[in-house]
Amino acid sequence: MNKIPLIIDTDFTKDDVLAIKMLADSDKYDIKAITCYGEWFVETVQLRNSMGLDCPVCWGAMKPLFRPELSENIYGNTEPDTAEKVRIEEKDEQYPWDTIYNQAAEADGQLEIVTLGPVTNIALTILRYPQIKQKIKKIFCFAGTGYAGNVAPYSEYNAYADPDALNILFESGIDVIMCGLDAVDECVLTSEEAEEIRKENPQIESFLEYILCEKEKKVSASSVAAVCCYMNQEQVPIKEFYVAVETKSRMTMGQTVVDRLGKYKKAPNIKVVVASNKKLFTESLKNITI
């Protein structure tokens with residue numbers, strides 16, 4: 001079986017580690033690069049090395065395209081509880097946008113990209129290489145929400161952190177699948193469900209504790225649920241809608257406006273995951289090795 005050439009773009013939040021591990025362990029994908037948003041390059045290199053992946057890690061954008069960096073960190077302390085940081089003597093010489101373009105050209109239209117954070121690196125690639133629009137097969141984007149948000153009433157963090165970048169991606173004409181926060185809401189584990197997973201897969205116990213939401217006493221791993229949807233697209237409902245990104249209003253900045261009723265009379269531009277599959281999510285956690 002020919003593997004799918006894949007690039008993962010991450011901001012290394014709490015559950016991105018496990019999401020990337022799932023992709024790395026699958027025999028469906030050939031991971032060509034991991035590109036970073038923010039300051040987590042060292043940790044991403046450590047993760048790449050621990051997984052035995054033979055791919056570059058590219059340190060990219062450190063802030064949004066046109067706005068001040070989002071100061072609010074809704075995830076709390078995201079620094080991994082691992083051995084002390086290694087000193088990285090050399091970074092990959094290529095920027096993410098150059099790596100993405102070169103891999104897309106080499107893959108002859110078959111490259112897919114999974115984004116787990118703000119899509120600033122992707123937008124910069126489109127701005128620098130407009131011709132890449134015809135060279136990427138698909139971008140699966142964990143960002144946005146069709147209903148309620150997590151940093152504002154209608155805005156999800158990855159969209160809110162750089163709405164201009166997401167708008168550039170959504171207007172690019174590239175085949176984009178948006179997996180919003182509302183689609184993975186059902187993939188939140190109660191303490192009882194988490195305990196069942198611990199019994200079947202003791203390796204994951206420390207990770208479940210790490211992503212535990214102390215306030216609600218539930219386990220939330222949105223990136224993992226989104227990647228489950230990406231890996232099993234035939235088993236989740238996906239519909240096409242016209243989707244716009246709010247980039248002006250202070251009240252609804254970063255809102256992904258999903259025109260479910262066709263009120264704008266515009267052709268659909270985005271495929272939207274409208275629901276996830278909790279059974280797939282829990283089975284993935286039971287079977288993963290760490």
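**Figure 1. Asp164 and its salt bridge with Arg67 in the predicted model.** Asp164 has a relative accessibility of 12%, so Asp164 counts as buried. Its side chain meets that of Arg67 in a salt bridge, with 2.5 Å from N to O. The two residues come from distant parts of the chain: Asp164 sits in helix α6, while Arg67 belongs to the loop between β3 and α3 (96-106), and 97 residues separate them. Arg67 counts as partly exposed because its relative accessibility is 24%. Side chains of opposite charge can pair when their charged atoms come close. The whole structure holds 11 salt bridges.

**Figure 2. The salt bridge between Arg128 and Asp98.** The closest N and O atoms of Arg128 and Asp98 are 3.4 Å apart. Arg128 is part of helix α4 (residues 120-128) and Asp98 is part of helix α3, so the bridge ties together parts that lie 30 residues apart in sequence. Asp98, in contrast, is buried, with a relative accessible area of 14%.

**Figure 3. Lys286, Glu196 and a network of salt bridges.** Lys286 and Glu196 form a salt bridge in which the closest N and O atoms are 3.3 Å apart. Lys286 is in helix α10 (residues 278-287) and Glu196 is in helix α7 (residues 191-200), so this pair ties together parts 90 residues apart in sequence. Lys286 is buried, with a relative accessible area of 14%, and Glu196 is partly exposed, with a relative accessible area of 41%. Which residues belong to the network that includes this pair? Salt bridges with shared partners join Glu196, Glu200, Glu283 and Lys286.

**Figure 4. Arg48, a buried residue without a salt bridge.** Arg48 lies in helix α2 (residues 41-51). Although Arg48 is buried, it has no salt bridge. The nearest side chain of opposite charge belongs to Asp54, and that side chain is 6.7 Å away. What does the side chain of Arg48 make a polar contact with? The partner is the side chain of Asn49, at 2.7 Å. Leaving aside residues up to four places away in sequence, Arg48 touches Leu53, Cys55, Pro56 and Val57.

**Figure 5. The open sheet of nine strands.** The strands follow the order β3-β2-β1-β4-β5-β6-β12-β10-β11, and their pairing is mixed. At the edges are β3 (57-59) and β11 (256-259), each of which pairs on one side only. Neighbouring strands of the sheet are turned against each other by 30° on average, with direction ignored. Asp9 has Thr35 in β2 as its bridge partner.

**Figure 6. Helix α6 across strands of the model.** Helix α6 (residues 163-170) lies across β5 (136-142), β6 (176-179), β10 (238-245), β11 and β12 (270-273). Its direction is at about 130° to β10. Asp164, shown in Figure 1, is in this helix. For the setting of these views, the chain has 10 helices and 12 strands. Of its 290 residues, 53% count as buried. Among contacts in the chain with a separation of 6 or more, 80% are between residues 24 or more positions apart.

How values were computed
Residues are numbered from 1 along each chain as its sequence is written. This is a predicted model: local features need pLDDT of at least 70, side-chain atom pairs count only at pLDDT 80 or more; totals for chains, interfaces and linings use all residues. Side-chain values use heavy atoms; hydrogens and water are left out. Helices (H or I, at least four residues) and strands (E, at least two) are DSSP runs, numbered from the N terminus. Buried means under 20% relative accessible area, exposed over 50%, partly exposed in between (1.4 Å probe, protein chains only). Lys and Arg count as positive and Asp and Glu as negative; His and the chain ends are not counted. A salt bridge is a side-chain nitrogen of Lys or Arg within 4 Å of a carboxyl oxygen of Asp or Glu. A polar contact is a pair of N or O atoms within 3.5 Å; within protein, one must be able to donate a hydrogen and the other to accept it, and residues adjacent in sequence count only if both atoms are side-chain atoms. Contact means heavy atoms within 4.5 Å. Two strands pair if DSSP finds at least two bridges between them. Axes are lines fitted to C-alpha atoms, for helices over the stretch in contact, and angles run from 0 to 180 degrees between N-to-C directions.
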